[in-house]
Amino acid sequence: MYQTVQILHSYLAYVVLAVLFLAVANAIMGWLGNKMFYPQKDLRLSLFALILSHIQLLVGLLLFFISPSGLNAIQALGMGGLNSAARLLAVEHPFINIVAIVLITIGWSRHKKFMEGKKKFKSIAIFYGLGLVLILSRIPWGQWFN
């Protein structure tokens with residue numbers, strides 16, 4: 001089960017990053033271009049990014065609890081016994097990605113309060129963009145390319 005969840009988490013990450021990048025790019029173009037916010041395109045893209053990021057979070061939390069490099073590593077070695085690679089997987093990656101998902105959720109909630117397209121795009125661009133940067137900062141790149 002562990003390997004299946006790990007593979008799902010890894011491949012889903014590519015999809016989430018791609019959709020999140022598209023949502024941020026779309027929001028920046030709409031914000032700077034002063035475009036109308038269309039439910040058929042803009043709302044759905046932002047909503048898919050939100051939903052996929054939350055699904056990825058749930059899969060990641062499941063992986064955290066069943067993985068030997070998640071909660072089990074913290075229990076076995078303690079917080080002080082983790083080297084930098086183990087600390088990234090057991091502490092930094094989960095914590096920062098939870099913060100990123102919170103920012104993305106805030107961006108989604110804020111955009112619904114505005115009627116004007118420029119403000120909707122701005123809210124999504126800023127909060128989704130911050131979430132994307134945080135996610136990219138805590139990806140274990142060494143494992144992705146090995």
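Predicted model: local features only at pLDDT ≥ 70, side-chain atom pairs only at ≥ 80, totals over all residues.
The secondary structure of the protein chain consists of six helices and zero strands, and from the N terminus on its elements follow the order α-α-α-α-α-α. Along its principal axes, the C-alpha trace spans about 55 × 30 × 25 Å. The chain has 146 residues, of which 39% count as buried.

Two packed helices are described by the angle between their axes and the distance between the axes. For helix 4, which covers residues 84–111, and helix 5, which covers residues 117–137, the axes come within 8 Å and cross at roughly 175°. Because angles over 145 degrees count as roughly antiparallel, helix 4 is described as roughly antiparallel to helix 5. On the side of helix 4, the residues that make this contact include Ile96, Asn97, Val99, Ala100, Leu103 and Trp108, while those on the side of helix 5 include Lys120, Ile124, Phe127, Tyr128, Leu130 and Leu134. Taken together, the residues of the contact divide into 13 nonpolar, six polar and two charged.

Rolling a probe the size of a water molecule over the atoms shows where empty space is left. The largest pocket has a volume of about 660 Å³, and among the 30 residues that line this pocket, His9, Gln56, Leu63, His93 and Asn97 are the closest to its centre. At least two residues of the lining come from each of helix 1, helix 2 (39–66), helix 4 and helix 6 (141–144), and helix 1 gives the most, with eight residues.

His9, one of the residues closest to the centre of the largest pocket, is found in helix 1, which runs over residues 2–32. With a relative accessibility of 14%, His9 counts as buried, because the cut-off for a buried residue is under 20%. When its neighbours within four places in sequence are left aside, His9 is in contact with Gln56, Val59, Gly60, Leu63 and His93.

Val59, one of these partners of His9, lies in helix 2 and likewise counts as buried, at 12% relative accessibility. Not counting residues up to four places away in sequence, Val59 touches Val5, Leu8, His9 and Leu12. Between the C-alpha atoms of Val59 and Trp141, which are 82 residues apart along the chain, the separation is 19 Å.

A last stop is the loop between helix 1 and helix 2, where Asn34 lies. Most residues other than glycine have a negative phi. Asn34, however, has a positive phi of about 55° although it is not a glycine. Asn34 is exposed, with a relative accessible area of 55%, whereas His9 is buried.

Note on methods
Residues numbered from 1 in each chain as written. Heavy atoms only, no water. Axes fitted to C-alpha atoms, helices over the stretch in contact; angles between N-to-C directions. Helix = DSSP H or I, 4+ residues; strand = E, 2+ residues; numbered from the N terminus. Parallel < 35°, antiparallel > 145°, perpendicular 65-115°, else oblique. Contact = heavy atoms within 4.5 Å. Nonpolar A, V, L, I, M, F, W, Y, C, P; charged D, E, K, R; others polar. Buried < 20%, exposed > 50% of the residue type's maximum accessible area, 1.4 Å probe, protein only. 1 Å grid on protein atoms, 1.4 Å probe; cavity = no way out; pocket = protein on both sides within 12 Å on 5 of 7 lines; lining within 4 Å. Points joined across faces, edges and corners; volume = space filled by probe spheres on them.
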